[in-house]
Amino acid sequence: MALSLPPGLTHAEVSFLAEMEMVTVVPRQRLDSIDLLSVSNLFPHPTSRHDFFFFFFFSFFLFFPKLTFPFLSFQGRTPPLRPPHRTDLPLWLALLLKKQRRANIVPPAWLHPASLSEIVHRETKENPTAFSEPPPAPSRADLRNPGRAHRQQQQGNTETATGAALLSPPFRASCTADAPAGYLPYHWLEVAESLLAFAGDDCAALGSAGEIRGLLRDLVEVRAAKMRDSTKTLGAEEGSAGGVVSLRGVGAMELAENRGFVLGVVDGVRRIGASAEATRREEEENGGGGGGGYGAGRGGDDEEDSDEDMGI
Amino acid sequence: MSYYDVDAILTDAEKIPCTFQLEIPDLGYLDNTPTQPLKAGTKVNLPLWLAEMLVIANTGAADNKTFVTFDLPRALANDVVQALKADPRAVPLRDQSAHFYGLATHMLDLSEEQELGSVLRKTFVTRASEISLHARKVGSVSHKGKGKGEGAAEMGSNLGVGSAGEDFLRGLDEWERSLFRKAHEGAKAGKEWIENIKKN
């Protein structure tokens, strides 16, 4: 146990990653494009923020080159800001400009109270067991807005990477002003909280911050309850569709919060079923047919098995 | 389970009722009769690690007898299993055994109790979601509880779980306590992050 951190990302790391999300800003001052870290420019100026960025990405890159490559190609020149025109910027830069009062942030449509309460309604009434759907694939936003939806297309030199990169969350532009209402993106909680904390006055255009905050709390609670109950299906008897927990549409922060618990439950169920599973395997090896008798343990055990194979 | 896992070691020390099948000389002190051999048919509570060995080991006798046969320990007795079937949440597992699930999985390894396995699994997942609920709610308003598991009483719980919740948490066995700790740490980290977001 050299590293005492639990597996998976911590909340701080998740919210750090969430700062890669693109948000739409309305600049209040002119600003030339900034040359940020990119593949061709791996050594940034030693400002603290960029240093940290650089260190984080580079160490990340060493461990997960495939995962990080899109991030690297995505870095580079920010578009120049000209006051009345909207631009998409990464959240961290947008918040920085916001704090310096050089830009206003246009909150995404899904943060509107009407959209949030629609999602709450969907989560509680229409589909009380599943999580609400993630936003649809980005191609739709692309078609409507070919010139602007994805910044890396303007850069020219990274076009080869765009095809693959479009699919990963920071490139889906799910938090810009063009993002569809009624869908929670992967980083919904982080982005919403940061926007409410640092750009509360911009969010006030949508509705009162208190209302938005209240709806967000409702959503967090509803989804936490679902996450709790999702583990119940692991204990389901034979015949029902037990053992499968669909986590589609769950946000990054919720995953970070519940990872320890869910993995603990799955591991516990696996350990309880281990002996029945061993018996069943023996039986299969010996006679090729387990027959009845061990059925009670079956549905769940197959599931646990595959979990084990994945090394969870 | 690692070699140094304290919980595994303590689980191995749980006693289970065994019946000796052979007469064994010089072991009479196990039955408080130090001068006589231990008679066949004597019931003795043996720790799990020893009972496990004796049950598996072969005596070499022609009729293939083992040294001992064992019964399910009291923690897994029929009345407990029936109570678990009725309502898993109402049974304080810790009163049965601090290492209830550990003991139970060992018993499942040794015996062919398929029903016990499914009852246990249902118990575990049902209680798990309850545990998660409590873990989220414990100390939800004030952070004075410091999050050290059960020590953090229901301060500021807005669920009305109150003393009933405390009783439930007291009845958690070691597996469930670690589950509680994980769930609570996740929820606590989430709350701390939300509170601190303004500061950075």
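The second largest cavity of this predicted model is lined by A224(A), R228(A), E257(A) and N258(A) from chain A and by S132(B), A135(B), R136(B), A183(B) and A187(B) from chain B. A cavity here is a set of points on a 1 Å grid over the protein atoms alone where a 1.4 Å probe fits but cannot get out, and a lining residue has an atom within 4 Å of a point. Two or more lining residues come from each of α11 (209–230) and α12 (252–287) of chain A, and α6 (114–137) and α8 (174–196) of chain B. These helices are DSSP runs of H or I with at least four residues, numbered from the N terminus. With three residues, α6(B) gives the most to this lining.

The volume of the second largest cavity is about 80 Å³, where volume means the space filled by probe spheres set on the points, and points are joined across faces, edges and corners. Seven cavities of 30 Å³ or more are found by this rule.

The contact, meaning heavy atoms within 4.5 Å, takes 40 residues from chain A and 33 residues from chain B. Between them, chain A and chain B bury about 3,200 Å², with 63% of it on carbon and sulfur atoms. Buried area is the accessible area, taken with a 1.4 Å probe, that two parts lose on being put together, summed over both. Of the area that chain A buries against chain B, 22% is supplied by R228(A), F261(A) and I272(A), more than by any other three residues.

How many salt bridges does the rule find across the interface of chain A and chain B? The rule finds two there, a salt bridge being a side-chain nitrogen of Lys or Arg within 4 Å of a carboxyl oxygen of Asp or Glu. E257(A) forms a salt bridge with R136(B), and their closest N and O atoms are 2.8 Å apart. Over all chains, the structure holds 20 salt bridges. E257(A) lies in helix α12 of chain A and R136(B) in helix α6 of chain B, so this pair joins two chains.

Finally, some conventions. Residues are numbered from 1 along each chain as its sequence is written, and chains are lettered from A and ligands numbered from 1 in the order in which they are written. Local features need pLDDT of at least 70, side-chain atom pairs count only at pLDDT 80 or more, totals for chains, interfaces and linings use all residues, and side-chain values use heavy atoms, with hydrogens and water left out.

Note on methods: 1 Å grid on protein atoms, 1.4 Å probe; cavity = no way out; pocket = protein on both sides within 12 Å on 5 of 7 lines; lining within 4 Å.
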